[in-house]
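Dear colleague,

I am passing on the structure we spoke about, with the sequence alongside.

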Amino acid sequence: MGCVNCLCKSAVVFLIVFTAIVYLCLGLSVTGGAIAAMVTKTKYLVPMWYSGVALAVGLLVVLFAIFGFFGVCRKNKKCWLTFFAFFTLLIFLISLTFSALVFKSDEAISAAKRQNFVDIDGWEEAASNTLKSAVEDLWEKCDAQVSATSGSGVISSDMYHLKCDDDNLEWAEDIVNDYCFDEPVNGTAGSDYSLCYYSEWWSPTVKSTATIETIGTDKGIFCQCADQLVKWSTHYLAVGKWASLGAVVYFFLTLLAIVYMCCCSKSLANQEDEAMKGAFFARP
């Protein structure tokens, strides 16, 4: 029985220490990423207030990691582990919520694409708005010009080329030209592009039947790139789904370990002490 208790306690201590190490690495990574977002080219895409919040969160996570180490090493475990447990419970609830959102978003964005973003609402609209906001923000920063050319200077029917005025967004320009404008734009009535462009969930800035006019807008780019946008989105969401589900299970086990350390470990230690005292006084 003593051997089993010893193994349980060792496993609990290992889980808590490992979780504290995870928090420490996560906090340092978020802190480093936030600082990088403030000083590198990423500052063109990430708002400064977002980087500031990320920096504060990163430092806070590092602090809670330290609480976890103290909770295992210090004699007064309950005080330190209470803070650590509170943070772990918060992370567990966030992970659970995030996991549910990721699973639902993956389903919603795929459903919206199958409808060509026509008559979407609820979760489908919310998931689509995420992609919409990203395209709008990038379009504004790019200050793009779309021309009826294949990119080599030769005018081609229904073939277009995008050029960003901001040289820092050359990567976005290349992605659109290589993956969205690699084929002619089908702007005829009833086409996927046309149905998407005239859908009501996102009011088009230019109302025209001429593709050369509609393709030169943020929504035009969105509709032409919709297949790739949804493909990339679902690819990353697939990773996020199972990673978040694994995180939910892991942090639930960590909470159980903290409860054991605070409530059961001390009583077991007291029982062992009493047993040792009894054995000592029982000797002739």
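This is a predicted model: local features need pLDDT of at least 70, side-chain atom pairs count only at pLDDT 80 or more; totals for chains, interfaces and linings use all residues.

Residues are numbered from 1 along each chain as its sequence is written, and side-chain values use heavy atoms, with hydrogens and water left out.

Taking a disulfide as a pair of cysteine sulfur atoms within 2.5 Å, the count comes to three. Cys142 is joined to Cys164 with an S to S distance of 1.7 Å, and this link is left-handed, with -105° about the S-S bond. It connects helix H4 to the loop between strand E2 (161-163) and H5, across 22 residues; helices (H or I, at least four residues) and strands (E, at least two) are DSSP runs, numbered from the N terminus. Cys180 and Cys225 are bonded at 2.1 Å, here in a right-handed link with 130° about the S-S bond, and they bring together helix H5 and the loop between H8 and H9, 45 residues apart. With the bonded cysteines numbered in sequence order, the pairing reads 1-2, 3-6, 4-5.

As for accessibility, buried means under 20% relative accessible area, exposed over 50%, and partly exposed in between (1.4 Å probe, protein chains only). Cys142 is buried at 4%, Cys164 at 2%, Cys180 at 3% and Cys225 at 6%, and both Cys196 and Cys223 are buried as well.

A nonpolar core is a set of buried Ala, Val, Leu, Ile, Met, Phe, Trp, Tyr and Cys residues joined through side-chain atoms within 4.5 Å. The largest has 35 residues, and Phe117 and Phe222 are among those with the most contacts inside it. Helix H4 gives the most to this core, with five residues. Apart from it lies another core of 24 residues, including Tyr23 and Phe84.

Finally, most residues other than glycine have a negative phi. Asp119, however, has a positive phi near 55°; it sits in the loop between helix H3 (77-114) and helix H4 (122-142) and is exposed, with a relative accessible area of 68%. Asp143 likewise has a positive phi, of about 50°, and is partly exposed at 43%.

Best regards
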